[in-house]
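Subject: Structure handover and notes

Dear colleague,

Here is the structure I said I would pass on to you.

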Amino acid sequence: MAEVIKKYMRGKQIIQLLKLHGPLSYRALKRMIEPAMTKGKLLRALQRLQKKNYVERRFERVFAGKGVFYNLCQQEDVLKEIAEFTGLGVDELKQPHFRHRELLHSECCALWVHVLMKMFPEAEIVRDFDFQNSKGAEKIMLASAQELYLYPDLLLIFPESKTQKEVAIAVEIERTPKTVRRLRQKLKKYANGTHVDGVIYLCDTQHITNSIFKVYSEKPLQDSKRVGHYSENFLLFGDSLSIHTDRFYELFNSRFKTVFLPDWITY
């Protein structure tokens, strides 16, 4: 009987992860699910969900052409079954379509969300595809429907308490270079057109970091009336691939000084 309950709960855990993060590969699911599962048990749990049509497999041109991602089935009748199985609402389970070129980026975001949730359990973390369902995110970003492209990949919202005001941190996962115009537009929005208190850029390469740093160093951004008094610490940089190490919390500011992430959040 205990084994049946365990299988039942594992299915719910997997669905919850896919609901929270969107499509995930086996390696990401194995890293996130707690308590940890062996490869065989996790694959069998996924097979059970596929047999029920709750989860679909996607074969993608990543991981040397052998990429397999799992996502929640989005058929209306199946969503109702999943909702009954998990206790979640049907609308909570609905997700946008993720194009194949977005999957690695989306999974990197998911891994960072997983780590940040464990580091800052008190914070709400909103993914870009869920911003329109978050009144807090819309209030912080001050963005219209036409400015959705200016939303960050993640938004950390630390609630107001007796000792501090609400704090909002935008996180960008940059895997490919952006144009100077796009970077300038986005950084200007963060500095002058939002209630964001700080921004973290996690980049795949030093070239991408240097491009962002160069744009941020321009005088108009450094002299922003809203963040000018702490402009050197408004923006942090890090290595997106450090998520696979135990040094992911070591970032650096716009003066290239090392910053310990929890200390920066407190500041």
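A residue is called buried here when its relative accessible area is under 20%, exposed when that is over 50%, and partly exposed in between, with a 1.4 Å probe and protein chains only. Helices (H or I, at least four residues) and strands (E, at least two) are DSSP runs, numbered from the N terminus. This is a predicted model, in which local features need pLDDT of at least 70 and side-chain atom pairs count only at pLDDT 80 or more, while totals for chains, interfaces and linings use all residues. Residues are numbered from 1 along each chain as its sequence is written, and side-chain values use heavy atoms, with hydrogens and water left out.

I begin with strand β7, residues 198-203, which is mostly covered, six of its six residues being buried. In a regular strand the side chains alternate between the two faces of the sheet. In β7, Gly-198, Ile-200 and Leu-202 point one way, whereas Val-199, Tyr-201 and Cys-203 point the other way, and all are buried.

Two strands are taken to pair if DSSP finds at least two bridges between them. On that basis β7 runs parallel to strand β6 (residues 167-174), to which six bridges join it; Ala-170 has Val-199 of β7 as its bridge partner, and Glu-174 stands opposite Cys-203. Strand β8 (residues 235-239) also pairs with β7 in the parallel sense, over five bridges, and there Phe-237 is the bridge partner of Tyr-201. Together, β6, helix α8 (residues 180-192) and β7 make a β-α-β unit that is right-handed, a term that applies if, with the strands pointing away from the viewer, the path from the first strand over the helix to the second runs clockwise.

Phe-234 lies in helix α11, residues 231-234, and because its relative accessibility is 2%, Phe-234 counts as buried.

Grid points are joined across faces, edges and corners, and a volume is the space filled by probe spheres set on the points.

The largest pocket holds about 810 Å³ of space. It is lined by 28 residues, of which Arg-99, Glu-102, His-105, Asp-128 and Asp-153 are the closest to its centre, and the elements giving two or more residues to that lining are α6 (103-119), β6 and α8.

There are three cavities of 30 Å³ or more, and the largest cavity has about 60 Å³ of space. Its lining consists of Glu-172, Glu-174, Lys-178, Arg-182, Leu-183, Lys-186 and Tyr-201; β6 and α8 are the elements that give two or more residues to it, with the largest share, three residues, coming from α8.

With best regards

Key:
1 Å grid on protein atoms, 1.4 Å probe; cavity = no way out; pocket = protein on both sides within 12 Å on 5 of 7 lines; lining within 4 Å.
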